[in-house]
Amino acid sequence: MKQHTYGFNYEVYDDISQLSTADADLLAAARLVTNKAYAPYSKFNVGAAARLENGELLLGTNQENASYPVGICAERVLLGTAATLHPDIPVVAMAISFNTTKEISNHPISPCGMCRQSLLEYETRFHKPIRLIMGGMQGPVYVVESAKQMLPFAFTGEELK
Ligand code: THU
């Protein structure tokens, strides 16, 4: 038996002011668009902003449903929009933020497992890592260089060839 360890590096910033202009702009856009979320059930508004390789910014928010499992996360709304509007242009970065009446939004949230799987599909499809910038409306920001890092032992299309 051999013991293996999985780990990955991520960057931690005290707040948005320490980010590069590109990352800060993306996080600011994700924060702003939390206003457009449709989250009457959880009251947990998620905003996501993507930068395409051509510099264009696209936005997404979570869209809930009275039949709870039908709701969709902001990240997957955004990936669907990006892939539909620009099926040939990779997403190179995505910022994710949230706002809620239930607590102060002062820490990062990270994509759920289903969104990680979707992000990985997108990275694989376009052969490009997606830089993830995660932060609340205020406070520390985490940056991960590729969504793939956040899904060890992922199931991929390689198995289906
Ligand atoms: N949600 C997202 O949109 N993205 C995430 O990364 C985590 C969770 C949404 C789903 C649901 O509408 C609400 O947040 C509470 O789970």
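Trainee: Which strand do four bridges join to E4, running parallel?

Mentor: This is a predicted model. In it, E4 has a parallel partner, and four bridges link the two. Within this pairing, Met94 stands opposite Leu132. The partner spans residues 131–135 and is strand E5.

Trainee: Which helix makes a β-α-β unit with E4 and E5?

Mentor: The unit is made of E4, a helix and E5, and it is right-handed. The helix covers residues 113–126 and is H3.

Trainee: How many bridges join strand E2 to E4?

Mentor: E2 covers residues 44–52 and runs antiparallel to E4. Ala49 stands opposite Ala95 in E4. The number of bridges joining E2 to E4 is nine.

Trainee: How many of the 10 residues of strand E4 are buried?

Mentor: Strand E4 covers residues 91–100 and is largely enclosed by the rest of the structure.

Trainee: How many disulfides does the count come to?

Mentor: A disulfide needs two cysteine sulfur atoms within 2.5 Å. The sulfur of Cys112 has its closest cysteine sulfur in Cys115, at 3.7 Å, so the pair is too far apart for a bond. By this rule the count of disulfides is zero.

Trainee: Is Cys115 buried or exposed?

Mentor: Buried means under 20% relative accessible area. Cys112, at 33% relative accessibility, counts as partly exposed. Cys115 has 1% relative accessibility, so this residue counts as buried.

Notes:
Residues numbered from 1 in each chain as written. Predicted model: local features only at pLDDT ≥ 70, side-chain atom pairs only at ≥ 80, totals over all residues. Heavy atoms only, no water. Buried < 20%, exposed > 50% of the residue type's maximum accessible area, 1.4 Å probe, protein only. Pairing = 2+ DSSP bridges. Right-handed = clockwise from strand over helix to strand, strands pointing away.
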